[in-house]
Structures are given as structure tokens and as C-alpha cells.
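Welcome! Let's take a friendly walk through one protein model, looking at a few side chains and what surrounds them.

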Amino acid sequence: DDEDDAGSEGASRAPATVATKGLATPLAANRAQGSQLIDGSTEALETKLAELRGHPVVVNQWGSWCPPCRAEFPFFAESADAHAAEVAFLGVDIQDDRGPAEEFLEDFPVPYPSIYDPDADAVFSIGWTQVSPTTWFIDEEGEIVHQRPGAYANRDQLEEDIRGFLLGG
């Protein structure tokens, strides 16, 4: 019951067709929460990462107020679709009001959820250096293998990091 209540508000904003058929259960469950904001800051991030253990994860910190975040967000949506069967994606929305964050996700829908982190506690817990956006690459064991401060200029750069840090080349 709690799952239905928690997901009902963001469900209408999720992309209409987020394919989950044939995916490992944790990857499918993560994609089913596409474009939703999950309350809970650090605890929510830790819970999501624990649920995704066994799969590589790309964590992208963003804010609706951040022009570079807006510029790179479509790259993450495309890469999340391209790697749906092998890599989980997770956003962390920081220092934002809920209304602008939800509007941002309506404008830039993604096939993965974001943690709502208004005080930036969750990103500080994983070593954020106060550069927005920042992206973390976390291996199957839950270890951060790379942190990239700053925006990606194009999807090719993001793909290079996904292949290099999470998919072995």
C-alpha cells in the first residue's frame, strides 16, 4: 500500500512507455519510477543504492536552477535507455523547491527516479565537491569508482565514462 501511495503523485509525470520487460528486477523497479522524486535525502539514496547492489549505477546530481544540468540531462535519458539492461541510473535533485523540480522533470523526463535532496545532505554523503552537476559511477559492489564534477558537453563523453568505469572498456 505504501508503494502505491508514494508513487501515485509522480506516476503521471513518468514517460509514457518505460520498457521494463526482460530486465532484472532491481533495474525494472528503478525504471518503473521514471521521473519521480523520492523523498528522504541521504536515507533514500542509501536505500536505492542498496536495492541496486549487484548492478553498476550512474548517479547524476542536478537542480532545476542549474543551466549546465539542463544542457546535459537529455544525454542521461538517452544513455539510461541505451543501457537499460546493464546499468541503473539515479538522479539527485539538490537545493531545489519541489515545484520547480517537478516542472523540470516534466520538461526533461527520464526513465529513472531522482532523490529529492533539498539540503544536499545525500550528495555530501558521497563526497560532493559543490560543483553542479556532478556524476558518480558506482560499481556492482556499491563502490564509487569515479566522480566527475561538471557537465558533460555531449553524450559521447558520458558514454565513454560509462564504458570505461562501469562496463570494462
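Is F104 buried or exposed? This is a predicted model, and in it F104 has 1% relative accessibility, so F104 counts as buried. The cut-off for buried is under 20% relative accessible area.

**Aromatic rings**

A search of the whole structure finds 9 aromatic pairs. Two of them share F108, and the table sets them out.

| Ring pair | Distance between centres | Angle between planes | Type |
|---|---|---|---|
| F73 and F108 | 6.3 Å | 75° | edge-to-face |
| F104 and F108 | 4.9 Å | 40° | tilted |

F73 counts as buried because its relative accessibility is 1%. Together with W62, the residues F73, F104 and F108 are linked by ring pairs into a cluster.

**Charges over rings**

R98 lies over the face of Y116, 5.0 Å from the ring centre. R148 is placed over the face of Y152, at 3.9 Å from the ring centre.

**A closer look at D117**

D117 belongs to strand β4 (residues 114–117). With 0% relative accessibility, D117 counts as buried. Setting aside neighbours within four places in sequence, its contacts include S41, V92 and A122. A polar atom of the D117 side chain lies 3.0 Å from the backbone nitrogen of D121. The C-alpha atoms of D117 and T42 are 7.6 Å apart, although 75 residues separate them along the chain.

Methods. Residues are numbered from 1 along each chain as its sequence is written. This is a predicted model: local features need pLDDT of at least 70, side-chain atom pairs count only at pLDDT 80 or more; totals for chains, interfaces and linings use all residues. Side-chain values use heavy atoms; hydrogens and water are left out. Helices (H or I, at least four residues) and strands (E, at least two) are DSSP runs, numbered from the N terminus. Buried means under 20% relative accessible area, exposed over 50%, partly exposed in between (1.4 Å probe, protein chains only). Contact means heavy atoms within 4.5 Å. A polar contact is a pair of N or O atoms within 3.5 Å; within protein, one must be able to donate a hydrogen and the other to accept it, and residues adjacent in sequence count only if both atoms are side-chain atoms. Rings of Phe, Tyr and Trp (its six-membered ring) pair if their centres lie within 6.5 Å; planes under 30 degrees apart count as stacked, over 60 as edge-to-face and the rest as tilted. A charge sits over a ring if NZ of Lys or CZ of Arg is within 6 Å of the ring centre and within 35 degrees of the ring normal.
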